[in-house]
Amino acid sequence: MEINLSSVGMEKGRQYETVITTLSPEGKRNAAPIGVICTGKDSIICRIFKGSTTLENIISQKEFTVNITENPQLFTLSTIDNLPETYFDENNSIKNIESYFKCEVTDLIEAVKRSDPIKSDSKAIVIKAKVTSHVINKNIKAINRAMGLLIETLVNFTRIDMVDEKQQEYYLGRKRVINKVGSKEEQKAIHEIKKELIKKGYSP
């Protein structure tokens, strides 16, 4: 069967929120929420900071599993602690997950952005990978957080004249994330909001 990530709503150039599962050389399973960027119908990239178990396992094994889910508990538990062993399937995907795909690493590139909110001496690795197999257990679209942020921005827009300057700065900063991860339609929408903010006298 031909692999095409568009089957779970992934478009080239957009970033999606996933849970990546990996295996250590000792056979210990690990899960972590990681944003991945679709670079083609069967390829992705992701950027992970050094010191994480996920990165260590990927470097060691040269493979990992990307789990596509809308389950808030999986994102939460894999963020605050590793998932219990009972959550993992034998093939290292998450049990009863809506969809998952297996990846093989094709390249590892050290990369640090000056714009990183992380302290300057932190280093990250960009991981390029090819999708080798894809399983869809339930119809699902991978999560892109731009739409949620757009709704939040619209709510903030209605309140911006009622909050203090510090909160206004926070509100105005949210559009940058949408421009980074959103689709053309979401970017167009945020541009409309920007024009209205300028009319109000703000500098978004």
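I151 lies in helix α3, which spans residues 146–159. The model is predicted. I151 is partly exposed, at a relative accessible area of 44%. A nonpolar surface patch is formed by I151 together with M147, L154 and V155. The accessible area of these four side chains' residues comes to about 320 Å² together.

Two non-glycine residues with positive phi were examined next. K62 has a phi near 60° and is not a glycine. K62 sits in the loop between α1 (53–61) and β4 (63–68). Its relative accessible area is 39%, so K62 counts as partly exposed. N96 likewise is a residue other than glycine with a positive phi, near 60°. The loop that holds N96 runs between α2 (72–80) and β5 (99–111). N96 is exposed, with a relative accessibility of 78%.

The cysteines were then considered. A disulfide is a covalent bond between two cysteine sulfur atoms. The cut-off applied to a sulfur pair is 2.5 Å. Zero disulfides are counted by this rule. For C38, the closest cysteine sulfur belongs to C103, at 11 Å, and this is too far for a bond. For C103, the closest cysteine sulfur is that of C46, at 8.0 Å. That separation is also too far for a bond. C38 is buried, at 2% relative accessible area. C103 is buried as well, at 1%.

Terms used
Residues are numbered from 1 along each chain as its sequence is written. This is a predicted model: local features need pLDDT of at least 70, side-chain atom pairs count only at pLDDT 80 or more; totals for chains, interfaces and linings use all residues. Side-chain values use heavy atoms; hydrogens and water are left out. Patches are made of residues with over 30% relative accessible area and no salt bridge: like charges are joined within 9 Å, nonpolar side chains (Val, Leu, Ile, Met, Phe, Trp, Tyr) within 5 Å. Accessible areas come from the Shrake-Rupley method with a 1.4 Å probe; for residues, only the protein chains shown count as cover. Helices (H or I, at least four residues) and strands (E, at least two) are DSSP runs, numbered from the N terminus. Buried means under 20% relative accessible area, exposed over 50%, partly exposed in between (1.4 Å probe, protein chains only).
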